[in-house]
Amino acid sequence: MVAPRGIATWLAFDCPCGIGHRIMLNLDAFRYPRWTVHQSNPLTVWPSVDDRVAVRRCHFVLRRGVVTWVRDDGPVDES
Ligand SMILES: [Zn+2]
């Protein structure tokens, strides 16, 4: 299905983890899950990106063009 009137409904970019897979984020308010672009240059999207590929999970926040990886292996201060 093609978006009417040229509205961008997907944001696609290469994952910053470097293994070469593509992240596709839905921007369509009528689909779920849905992301919001708060700023396009530098790019800020919300909520965090959580993509699962065969061998790993890529979970990060993209804010003002800066990638912050989210730990997904338990609480940070469990020592
Ligand atoms: Zn990745």
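User: Let me start with one residue. In which strand does His-59 have its place?

Analyst: His-59 sits in strand S6. Keep in mind that this is a predicted model.

User: Is His-59 buried or exposed?

Analyst: Read the relative accessible area. Buried means under 20%. His-59 has 13%, so the residue counts as buried.

User: Which side chain does His-59 join in a polar contact?

Analyst: The partner is Ser-48. The two side chains are joined at 3.0 Å.

User: Now the sheet around that strand. How do strands of a sheet pair in general?

Analyst: They pair through backbone hydrogen bonds, and the pairing is either parallel or antiparallel. Here there is an open sheet of 3 strands, ordered S5-S6-S7, and the pairing is antiparallel.

User: Which strands stand at the edges?

Analyst: Strand S5, residues 49-53, and strand S7, residues 66-69. Each has a single partner strand, so one side of each has no neighbour in the sheet. From one strand to the next, the twist averages 35°.

User: How many bridges join S5 to S6?

Analyst: There are 5, and the two strands run antiparallel. To see the pairing residue by residue, find Val-53, which stands opposite Arg-56 in S6. S5 and S6 also form a hairpin, with 2 residues between them.

User: And how many bridges join S6 to S7?

Analyst: Here 4 bridges link S6, residues 56-63, to S7, again in antiparallel fashion. Val-61 stands opposite Thr-68 in S7. This pair of strands also forms a hairpin with 2 residues between them.

User: Which residue in that turn has a positive phi?

Analyst: Arg-64, with a phi of about 50°.

User: On to the metal. Which residues coordinate the zinc ion?

Analyst: Start with the donor atoms. Cys-15, Cys-17 and Cys-58 each give an SG atom, and His-21 gives NE2. The distances are 2.0 to 2.3 Å.

User: How are these donor residues spaced in sequence?

Analyst: The pattern is C-x1-C-x3-H-x36-C. Read each x with its number as the residues between donors.

User: What is the geometry of the site of the zinc ion?

Analyst: Check the angles among the donors. Four donors count as tetrahedral if all angles lie between 85 and 135 degrees. The 4 donor atoms here give 103 to 114°, so the site is tetrahedral.

User: Are Cys-15 and Cys-17 buried or exposed?

Analyst: Both Cys-15 and Cys-17 are buried.

User: Last topic: charged pairs. How many salt bridges does the structure hold?

Analyst: The structure holds 3. To spot one, look for a side-chain nitrogen of Lys or Arg within 4 Å of a carboxyl oxygen of Asp or Glu. Asp-14 and Arg-22 make one, with their closest N and O atoms 3.3 Å apart. Asp-14 is exposed, at 51% relative accessible area.

User: Which residues are linked in a network of salt bridges?

Analyst: Asp-50, Arg-52 and Arg-57. Trace the links from Asp-50. Its closest N and O atoms with Arg-52 are 3.5 Å apart. With Arg-57, the N to O distance is 2.6 Å.

Key: Residues are numbered from 1 along each chain as its sequence is written. This is a predicted model: local features need pLDDT of at least 70, side-chain atom pairs count only at pLDDT 80 or more; totals for chains, interfaces and linings use all residues. Side-chain values use heavy atoms; hydrogens and water are left out. Donors are N, O and S atoms within 2.8 Å of the metal (3.2 Å for Na, K and Ca); water is not among the atoms, so sites may look incomplete. Four donors count as tetrahedral if all angles lie between 85 and 135 degrees; four count as square planar and six as octahedral if opposite donors are over 155 degrees apart and all others between 65 and 115; anything else is irregular. Buried means under 20% relative accessible area, exposed over 50%, partly exposed in between (1.4 Å probe, protein chains only). Two strands pair if DSSP finds at least two bridges between them. Axes are lines fitted to C-alpha atoms, for helices over the stretch in contact, and angles run from 0 to 180 degrees between N-to-C directions. A polar contact is a pair of N or O atoms within 3.5 Å; within protein, one must be able to donate a hydrogen and the other to accept it, and residues adjacent in sequence count only if both atoms are side-chain atoms.
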